[in-house]
Each structure stands twice: as structure tokens, then as C-alpha cells.
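Subject: Structure for you to look at, with notes

Dear colleague,

I am passing on the structure we spoke about, and my notes come after it.

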Amino acid sequence: MRIIYLVKNFSDGDDLSEYVKSLAEYAASQGHDPCVVSFDDGSNYTVSDDVEVERFQLHFDGDSLYTWAMMMNNEMKGKVVEKIEDEDIDIIHANDWITAPGAVNLSEHLEKPLCLTIHLTEDQRGFQSENSDLISDLEWEGTFEADKVFANNNDVKNSLLFDLNMSDKEVCVADPLHRGWQDKILKTYHKILRKEEVEVKA
Amino acid sequence: MRPLFVTWEYPPYKAGGIAAHCEDLASTLADQGHEPVILTYGEEQETEYRDGVEIHRVPSTDSANNTLSWAMHLGHQIEKKAVQLAKNNNFDLVHAHDWMAVPGATGIKKTLGLPMVFTVHSTQKGRDGINGEYQETIHNLEWYGTYEANEVITVGREFSEEVKHNYNVPEGKVNYIPNGVDLEKFDNHTNQLNYNDYALDWEQIVLFVGRMYPQKGPGHLIEAMPKILDQKPEAKFVMCGSGATEHYKGIAKEVAGEKVHFPGYVSDQELLSLMKSAEMTVAPSVYEPFGIVPLEAAACQTATVGSYTGGMKDTIIHEYTGLHTYPADPNSIQNQITRALEDPGWTDWMGEKARERVEDNFRWEQISAWTTGIYSEALE
């Protein structure tokens, strides 16, 4: 299974990066073919040789994280589209609102299933940015379009249910502090792909 | 060819000149056998077919706290629509119009793998300057658009140099293609102006058309009014346009009293009638990458007194199709308007020559053909 992980940046010590690193390394250990696509902020990262990492540049400074992120997503899409010229992919797995808009459009264009992990919602962060409404809209759109949404813990799940109006069955808690979380995610990938196969056959 | 236009405004939504430019270019491309598709803003999702052009509107958001964030959100929605359309259509390229289209157009370029053409209608530096992070970001988006585009189009010859300089664009990537006018629209229009709604029979209308902002120079014209009226009391200034109208009206009434009239909202048809009836139009802009007013006036056989700046260096030929003034110089504006009023025969003759020049040089058929030439280069 070829899995594309989308993450804002990929560097040692960063929470989201460590999450993606751990998940990608586990997927590789199970015989899958993971590829991490992230913005190149120049920082170091260490990861198993079995995990492919593609980083891209962005020649744009925004006046806010939101404007920067929207343009970053464009470069991210370009990198993924460039990748699939050589090989097909099976699953796109995005992380948080910051990669959601690109992931949604890639999933629709490439007709590949989308998984989204929400590590923390904008509601949990306290709506402190001038673009909080827009960020929350992107979270909603990502969770609405995704084939499966993973919550990092029960608090995130509660926020997804109450703040973003998701239904209980749409959210799967995969807590990195609990044993077996990577396996839970891999099994979900398989389930999604099996469902797609059945739909295609039907 | 099947170009995908990205523009934030398309008629009936109109704020500046981009909407009219896109409509005229797209409908002419369609007349010439191409299949332009427009992606633009609308209050709701809708599809419309007009003059051979397929128009898709998508809503943006009410949550954005400024135009920049609004444009980013719109760009995402526009790209989503393009991805849907691409399932049943093959597009040749994406054509972005000004900075607000850059997020959506570059997203389409990256996701669908299309070449990109970027028309720069004006620059942040020229419009308001770069005085903070917000304006810097718009400037960056303009740079990004020129960087990502395979070909860049500018609407003014002098403006091409500004674009190359501001964004360090390589010489061969920037192409000058002027705006045009739809002469049929002007010729099919019947002048039904009730002249006395604007001026007395013995008065001659000096018409300003444009947004009431410093960039368009209404203040310089107002400053020139008293001296013009001293010499030519038959002048009657009619100031049409949106923007800071009340501000300029207050100043103008103080210096020119009843000799200046701000009619407020004027329909497109009424505006054409005014242009046809005016002795001259005045375009006192300080910054004007192209400036459509002299061409529209010319289509009405009316001469323009306009600043020697930007596109008006090309669209007005001094003492032949109109008169040039020094930019931001009320004395110069006064001199040239007075000259035109002193010799109405000559002014009418300049109006006729302006019309001939528009017929020869600024037809959309020609502009559309140049544009498809640029498309071909982008596809190479």
C-alpha cells in the first residue's frame, strides 16, 4: 500500500512530525510504502530509510499563518502530483487543518481515499487568531470530506463531535500514547480500500 | 483552445475594470471559436452561459477579516470547482487576472498540471504603496503570480517595465497587450440623454469618469476648476463614479458651486450617452496602468484630456486624439481643458481621430488574437 502523509513540516522533536514519523515507520515495517510530503523549513529530521521523504520550497511570505498555509498547500499539491507521475498511490493521510485544503482537492482530483488526523481543533486552541473562523471552516471541510477522521485523544474527539458536528461513528481515536495506535490506523486504511473495491465491483 | 479564466469579478459583479476586460476578452475568444470557461465569485454556486461563454460562480466566506483572507478562501473554492469540471473537460491552461486570482490559479496549475498565464492589471505598489505586512503580502502574491506563470501579460507598455522591475520578471516573459473596446456596444447605443439633467443648453460638459480615489486624481481636477471657470464660464463639470464621492463633492462645491455636478449612480447606458454628449472627458489619474476611459470616450468620438502617465501615454496622442497634461498638476489640467474649450471644432476633430485610432488599434478581435498567441507560447 502506497500512503502519502501530508504534514506542515517534518523535523525532529516536533509533535506532528514525530506522530507522522512513527506512523510511517510502522507502515514501512509492515511492508507498506509510505511517503512523507512536507514543507522544507530547513530543519533536520531522522527517519528510517524505508520511509521516503519529499520536501518542497515555498517562495511566499504571508501576513498570517492562514495566508501562508493556503499557498503552502498549493506547493504541496504540486509535489504530490509530481510524485504520482511515476507511481500510483492508495491513500492520502493529512494532518490538521493546515494540510486539509490541499488534501481535499488532491483526494477529489486523484480519486483516492482521504484520512485526516486532527491533533487539536481550533476550538481547543481557543479561537485566538484573527483567522480562527476560516481555520475552523477548513477543519470542518476536511472532516466532512475525509473517508475517516482520526482523533489524537478523547478530548479531540469530543471537540470534533460537539464543535464540528461530526457523528460518533465517523471519528476513530488513535492515541499515540496507547499501544497499537498505528495498527489501528493501518487496519482502517485496509477497511477503506476494501470498501472502495466493493463499490467499484458493484 | 479551452482556457480557464480565474477572476474575482465578472459581470454583473463589477468593482473595477477587470470584470469588463474578462467579459470582453472571453466573449471575443468564444466568437473566434475558442471555449473559455470562467471561474469567479458569486453569492451562491451557479452556472450560466452567456455570449458563448461558460461561467461558474462559487461563493467565498463571510468569516474573512480582510480581502486577503477572503481571496485565499475564494481561491480554494475556485480550485475545487476546477477539479470537478476537469473530470469531464480538458482545459488547456489557466489564465489568472490580478493578485486576487493568484491563490486559485496557482492551485489549479499545481493540481491539474496546467500552464498558467497571468494578466497584471495594476500593482499594489502603484495602487496604494507597500506600507505594512498586509500590503507586502499582496505584493508577494503578485510576485508569486509572475513567478509561477509561464507567460505574463500587462495592459500597458510603460506598465510592462514597472512589472519587470517590481517583480524581477525576465524580459521575454512579459507581454504587452492593451485593453480594448467593444465598438458594437457603443454603436448600437442610442443617445437618449436629457442634456438639461446635467447642464444648461449653453454649457459644455467636461466629464470625469472613474473611482473617486487619489489615484484617479479627482482632487487635481477640482483644484483646476476655479481658474478654468474664470476663463471659460461655459464649462460644466460632471463627476461620475463611486468611491469617496461625498468627500470630493464637498470640496468641489466649495470651489465651483453649481458649475460642478455629482449625479451619483449612473447606469451604463446613461454613461454612454454622457460620453457621447460631453465636450471632452478628463482623466487626471496619478497612476494608471492602462486607463480605459480614453478608449471608451474615443469610441464615442469624444476627445480626452488625460495625464501623461502609464497607459495614457499610448491611448492618447497629444493634439491628435486628445491632450496630455502633467500628472498631478492642476495648472497643466487647467491649460489643456481651456485649450480644448476654446476651440470646439478642433476638439471635435480630435474626437473623430480618436475614434479612427480605436478602430485601427484597440479592437477586441485583435487583442483576442494576440492573447491566443501568448496562450500558444505558454503551451510550448
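Predicted model: local features only at pLDDT ≥ 70, side-chain atom pairs only at ≥ 80, totals over all residues.

The interface between the chains comes first. Chain A brings 29 residues into contact with 32 residues of chain B, and the area buried between the two is about 2500 Å², with carbon and sulfur atoms giving 55% of that area. Five salt bridges are found across this interface, and one of them joins the side chains of Lys80(B) and Glu145(A), with a distance of 3.6 Å from N to O. There are also 15 residue pairs in polar contact across the interface of chain A and chain B. On the side of chain A that touches chain B, the elements that give two or more residues are α2 (65-84), α3 (100-110) and α5 (132-145), and α2(A) gives the most, with nine residues. By class, that side of chain A has ten nonpolar, eight polar and eleven charged residues.

Over all chains, the structure holds 42 salt bridges. In chain A, the side chains of Asp12(A) and Lys21(A) meet at 2.9 Å, N to O; Asp12(A) is partly exposed at 34% relative accessibility, whereas Lys21(A), at 10%, is buried. In chain B, Glu142(B) and Arg127(B) form a salt bridge at 3.0 Å, N to O, and this pair links helix α5 (residues 133-148) with helix α4 (residues 124-127) of chain B, the partners being 15 residues apart. Both Glu142(B) and Arg127(B) are buried. There is also a network in which salt bridges that share partners join Arg2(A), Asp33(A), Glu52(A), Glu54(A), Lys79(A), Glu82(A), Lys83(A) and Glu87(A).

Helix α6 of chain A (residues 154-162) deserves a look of its own. At its start, a side-chain oxygen of Asn153(A) reaches to within 3.0 Å of the backbone nitrogen of Asp155(A). The buried residues of this helix are Val156(A), Lys157(A), Ser159(A), Leu160(A) and Leu161(A), and they pack against β5 (114-118), α4 (122-125), α5, β6 (148-151) and β7 (171-173) of chain A. Why does Lys157(A) count as buried? The reason is that its relative accessibility is 15%, and buried means under 20%. The side chain of Lys157(A) meets that of Asp168(A) in a salt bridge of 2.9 Å, N to O, and Asp168(A), which is partly exposed at 46%, lies in the loop between α6 and β7 of chain A.

Val53(B) lies in strand β4 (residues 53-58) and is buried at 1% relative accessibility; leaving aside neighbours within four places in sequence, its contacts include Tyr10(B), Ala26(B), Pro36(B) and Ile38(B). Glu288(B) sits in the loop between β12 (280-283) and α11 (293-299) of chain B and is buried at 9%, and beyond neighbours within four places in sequence, its contacts include Lys216(B), Thr309(B) and Met312(B).

Finally, the cysteines: a search of the whole structure finds zero disulfides over all chains. For Cys240(B), the nearest cysteine sulfur is that of Cys300(B), 13 Å away, and Cys240(B) is buried at 3% relative accessibility. Cys22(B) is likewise buried, with a relative accessible area of 0%.

With best wishes

Methods. Residues numbered from 1 in each chain as written. Chains lettered and ligands numbered in written order. Heavy atoms only, no water. Disulfide = S-S within 2.5 Å. Buried < 20%, exposed > 50% of the residue type's maximum accessible area, 1.4 Å probe, protein only. Contact = heavy atoms within 4.5 Å. Buried area = accessible area lost by both parts, 1.4 Å probe. Salt bridge = Lys/Arg side-chain N within 4 Å of Asp/Glu carboxyl O. Polar contact = N/O pair within 3.5 Å; in protein donor to acceptor, adjacent residues only side chain to side chain. Helix = DSSP H or I, 4+ residues; strand = E, 2+ residues; numbered from the N terminus. Nonpolar A, V, L, I, M, F, W, Y, C, P; charged D, E, K, R; others polar.
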